[in-house]
Amino acid sequence: MAALTVKELASLLSVLSEDTTQAQNFESLAASFHHYFPNKQDRFKVGQSLVLLLQHRDLLPHPTQKLAAVFILFEMYQSDPVSANPFATVFLTLLQDPAERKEANAYDLQSSIPSVSAAERYFLSNLICRTSKEMLKKTPAEIIQMDVSGKQPMDISQTQLFIVQRQSEMPHSSKTAISCVLADPESKPTSFEHFGKPNMINPDVQRDTAEVLLTGRKCSVDHTLRPEFIRLAPPLHIAEDELVWMFPTDMEFNVAWDTTMCMNMSTGFEVRRLMAKAFKGALSPGQQAQIKRELDKDAKLVYNIGLAPAKLPDLVENNPLVAIEVLLKLMNSAQITDYFQVLVNMEMSLHSMEVVNRLTTQVDLPSEFVHLYISNCITTCETIKDRYFQNRLVRLTCVFLQSLIRNKTIDVKDIFIEVQAFCIEFSRIREAAALFRLLKSLDPNEKEQGSKDGDGGGKKD
Amino acid sequence: MSSNSGNNTSDKMSTDEFSPQPPVTEQQKELAQQAMAEFEKGSFGQCAKTMSQLAGARPTDVKVVLNRSVALFYQSQMKQVDEFRHNIHTVFNMARISPDLSEKSNLDDSDYAVVYYNKAVVLYHEKQYRTALAILERLFKYIEPIDEALAQKVMLLLTELYLIVHQPYDALHMVSNVEKFLSGKNQSSQDKDKNDSNSASSIEALRAKLTLYKVRCSLMSKVIKNKKDYKSLQGNSQPVNYAKANYEYLKGNLRKAAKILGNPPNVHLSHSTGECLAVMYANNQALINMCLQKPNIAICQVRDALQYNEKVSKDTVPNDKVRPPLQLSYVSRHYQLLHNLGVLQLHARRPSPAFDCFYECVQVYHRNPRLWLRLAECCIMHFRENNDIDREHTHRLDVVQSTVGSGIHRKLILGQGLDRDRNTNASGGVVPALNLSFASFCLRNAYALLPKDPLDAKPVPQDAMAESGPPPTYPMLLSAEPGNPLQASEVANLRCSILTASAYVCLCTNDFLKALHYAVDLLRQPNLTGAQRYLGHMYKGEALVALDRIADAVTELNPENIKDVSTTLPEVPSDPEKEQEPLAQNRESIVKWLPNTVQVARALMQYNLAVTYANRTEFDKALFALTESSDKVGPNLPVQMYYLKLYLDLKQGNKKEAVNFINKHFNYGSRN
């Protein structure tokens, strides 16, 4: 916040000088104040300075000066309601009964302002209530000498209430600050002139003091002291392994030679040709045998025959036997799940069932896969519209399931509920009824016994 | 590419299903074998000639084109990197395959595994680790069909890359893949040729390297899972020694670690690996010295390392025209060294140079939350050197600033307390500078880079849990480049530190609501150090007062609740079943934090309680708390206590008492 300039301070003090405040009435005081301080934005800093001057009795020693200062505090914001005046609490303090004030004679921003006479209070209450313009025609001196015995001050309790309410809305921490300027008058004389007159006003020192307190960049007017927390800084983060340890590398990596250049083209080529055919139509038994022979010869060949997962359905539909061979060869590759994925999601058919069935008998398929396949079959049966195809598919599914159960490929417990519901839904079909009987014979309670035996037996096989 | 193969039986057959190459003639086959023999002998000039001849006969054969460029590259002593890179891309175009194996890759691409491998090798040497890794990871999916020798190379390069990008578990997985592969090979080769001692010894050498990899993986994941591996580290080579030294360093056997590192090597570039051992040596010794509580020596050593690094970088590339061979392209360690230097400087209480180091690093490692925290810590330390600074004499000199006037006009001007430079940071914080608003920016970054707080995670519904499959087999790590990745517990600790610092910075920048949120978040964390819990309550109390919730603040600031103010977590007893030996790391920070006794900590908290009472105008309570806390806080009271005493006296109208107090404590002669 900017402080007053030396010139502004001089203007302010001239308005508040003892002579002026004796001679001029309030209206002309206001006029000369507005003449010196026409800008609204200066008013707050002027107000702050006025409060500081009011707090220090020695700086505005004469009662008329004090009254004039209070008047200007009011006058600056007279277009707003009093409760919106930022210095409203000053009026509040001054209007308190002097008897009350003594008790709370704290060294506060406001309460350190010396109390005022009854006449001044009368004037102030009238001012706040804006009752009569007449009073402004008087000089401060006249007001102070006014006889107010018998006259009641105006009732300003409403305004007081507003001010108090506004104060209570502010957080405690915003109301804690006190001024950093502490009066410490010397009781011992510092010069001959002062001897025996400890309270003598020295106009030069007075002006200098006001200047130091109220002007300049580091002036004390907006310096405040407030209770301050001790705010401890946090400790440094302790990282257990933050610094980078450096390791020399142990390996050399160089550009490599392709050793497969001009090699192994012939057999691979022939198999690839046959496979390409196999995606489009059935192969002759001889051709199928040839593929199997070549695949058996070279374990890596299966990866080079152009069988992407997306092509698997074509192969299954056209040459289920070749598909089985290839899948068995691929069983150990990381890609096999991709192939399973395709197999599960392809359209259900006799061939796909045959492939799955054969696979279950030859290798341990992941059980999620088998379950997924079964539930796919069941869903397909349930959703198909064509009655003829539906019957056909249901029969196929039932036979497939029976075979799975008989071979102990799956544990009936895991699919019991779904399969039972399936059988009931299609009970009109003979195979479904048969499957249902098979399920019943493996009733879960008995079944537990049975499955343990069965599992043991299955493994032996 | 026109298909001129006469074998086509179907018109519809598309070209990509068939190799459109004419069949290989016997003569071409011989040429190919001759070229390969020449390549293996190392006569690259001869090999390049042979390959040119072959390429003339088979201009569209992708493999021939590739091998020819390989031969030419070797002939140039691996200097013509640009030409080689260009040739690789020609190969990609000819084969119509995706250069980064990204789009619609399929098994057929494994035919071109060598091309991808070579591209990855070039990228590896050019420091583009993640790109190389991305290619090889995709290639690894089709590892089965790939020729064994090449597959092994691919897996080893993958291991190396995983270690470089600090993914120890992936690296370990890859090592076990190689091992599986080797054991498979052993079995099959037993029937074929038992007398091949050459390959047996090379397998032994490979196994030793794998052991080293395994040790490095476990060092990186900060658990020595298998001591056996460490014990079986063979040989006296530098890579082995540096790994051994790191193990001892992490175990806290610092002198042993220093001894294993041996004598300082000469500053020169190794001609096999393109590395400079002296840089690593100086750096690692600095780390050891840091743990020996000698940060200043450590700083000098890292500075040396930086110099060596600079020198070697210049020597390898003296000007733009000279290119070093691919495998010798020096990888500068500048940023790693700078990172280490920053940490050391910060712990040597030099926040300003530390800030400069970290700030340069964070441009490279901007995904590292800890680095952002360190930047903020530099700012905080610059702002408040330590917590005893309030007790310094210079602050006491400020309590009475000056006197004005004389005689009846004489005034004392009191200081405004310590917090007078509020609102000094107007930069908005994005301007990198040692101030608190930049600290606040850094802390926001740090927090955003952490994974979601597990406390905020919604409980996973049962069925979703079943769908998401089995939980990951190894613990999740948070990348903290250039350092080793963070385990979950370290992430939790980091989160606590970030929250503590955030609450502090918010208080300092008058952002009280945020400060409150951070403090509340901090206090709900399950594993707090004593100091963090203490600070959490203290910060929360201050924020509550500022937000006018004084009653809550009074309970928050109860000094009786303070039981511990240590800055380290209590040692967690490790699970004896797992036989995982936690490494004895440098848990204690070498920067001691104050207050370090519960008594002083309580006294400081009680002072803050006094401030809280004073805010509520309960001056008697405030004075009582102040008196009690000043008795216990130790010699040289924090200056805030003097201010509060003056404040309370003045507020209660004891001007005389205040002036007496000033006379007594500040050697001020009042003249009344």
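This is a predicted model: local features need pLDDT of at least 70, side-chain atom pairs count only at pLDDT 80 or more; totals for chains, interfaces and linings use all residues.
User: Let's look at one helix. How far apart are the end C-alpha atoms of helix H3 of chain B?

Analyst: Helix H3 of chain B runs over residues 62-75, which makes 14 residues. At 1.5 Å a residue, the helix should span 20 Å. The model agrees with that expectation, because the end C-alpha atoms are apart by 20 Å.

User: How many of the 14 residues of H3(B) are buried?

Analyst: This helix is mostly covered. The cover over its buried residues includes helices H1 (26-41), H2 (44-57), H4 (81-95) and H5 (113-125) of chain B. Among the buried residues are B:Val62, B:Leu66, B:Val70 and B:Phe73. The number of buried residues in H3(B) is 10.

User: At the start of H3(B), which residue has a side-chain oxygen that reaches to the backbone nitrogen of B:Lys63?

Analyst: After the helix comes B:Gln77, with a positive phi near 55°. At the start, the backbone nitrogen of B:Lys63 has a side-chain oxygen within 3.0 Å. That oxygen belongs to B:Asp61.

User: Now for the two chains together: what is the area buried between chain A and chain B?

Analyst: The contact takes 95 residues from chain A and 170 residues from chain B. Carbon and sulfur atoms give 61% of the buried area. The area itself is about 12300 Å².

User: Which residue of chain B forms a salt bridge with A:Glu242?

Analyst: Side chains of opposite charge can pair when their charged atoms come close. Across the interface of chain A and chain B, the rule finds six salt bridges. In one involving A:Glu242, the closest N and O atoms are 2.7 Å apart, and the partner is B:Arg374.

User: How many nonpolar residues does the side of chain A that touches chain B have?

Analyst: Across this interface there are 33 residue pairs in polar contact. On the side of chain A that touches chain B, the elements giving two or more residues are strand E2 (181-183), helix H11 (203-214), strand E3 (224-225) and helix H12 (265-278) of chain A. By class, that side has 24 polar and 21 charged residues, while the nonpolar count is 50.

User: How many residues apart in sequence are the parts that A:Lys137 and A:Glu27 tie together?

Analyst: These two residues form a salt bridge, with their closest N and O atoms 3.1 Å apart. A:Lys137 sits in the loop between helices H8 (118-129) and H9 (140-145) of chain A, whereas A:Glu27 is in helix H3 of chain A. The pair therefore ties together parts whose separation in sequence is 110 residues.

User: Is B:Glu248 buried or exposed?

Analyst: B:Glu248 forms a salt bridge with B:Lys256, the closest N and O atoms being 3.5 Å apart. B:Lys256 is partly exposed at 46% relative accessibility. For B:Glu248 the relative accessible area is 5%, and the cut-off is under 20%, so B:Glu248 is buried.

Note on methods
Residues are numbered from 1 along each chain as its sequence is written. Chains are lettered from A and ligands numbered from 1 in the order in which they are written. Side-chain values use heavy atoms; hydrogens and water are left out. Helices (H or I, at least four residues) and strands (E, at least two) are DSSP runs, numbered from the N terminus. The expected span of a helix is 1.5 Å times one less than its number of residues. Buried means under 20% relative accessible area, exposed over 50%, partly exposed in between (1.4 Å probe, protein chains only). Contact means heavy atoms within 4.5 Å. A polar contact is a pair of N or O atoms within 3.5 Å; within protein, one must be able to donate a hydrogen and the other to accept it, and residues adjacent in sequence count only if both atoms are side-chain atoms. Buried area is the accessible area (1.4 Å probe) that two parts lose on being put together, summed over both. A salt bridge is a side-chain nitrogen of Lys or Arg within 4 Å of a carboxyl oxygen of Asp or Glu. Ala, Val, Leu, Ile, Met, Phe, Trp, Tyr, Cys and Pro count as nonpolar, Asp, Glu, Lys and Arg as charged, and the others, Gly among them, as polar.
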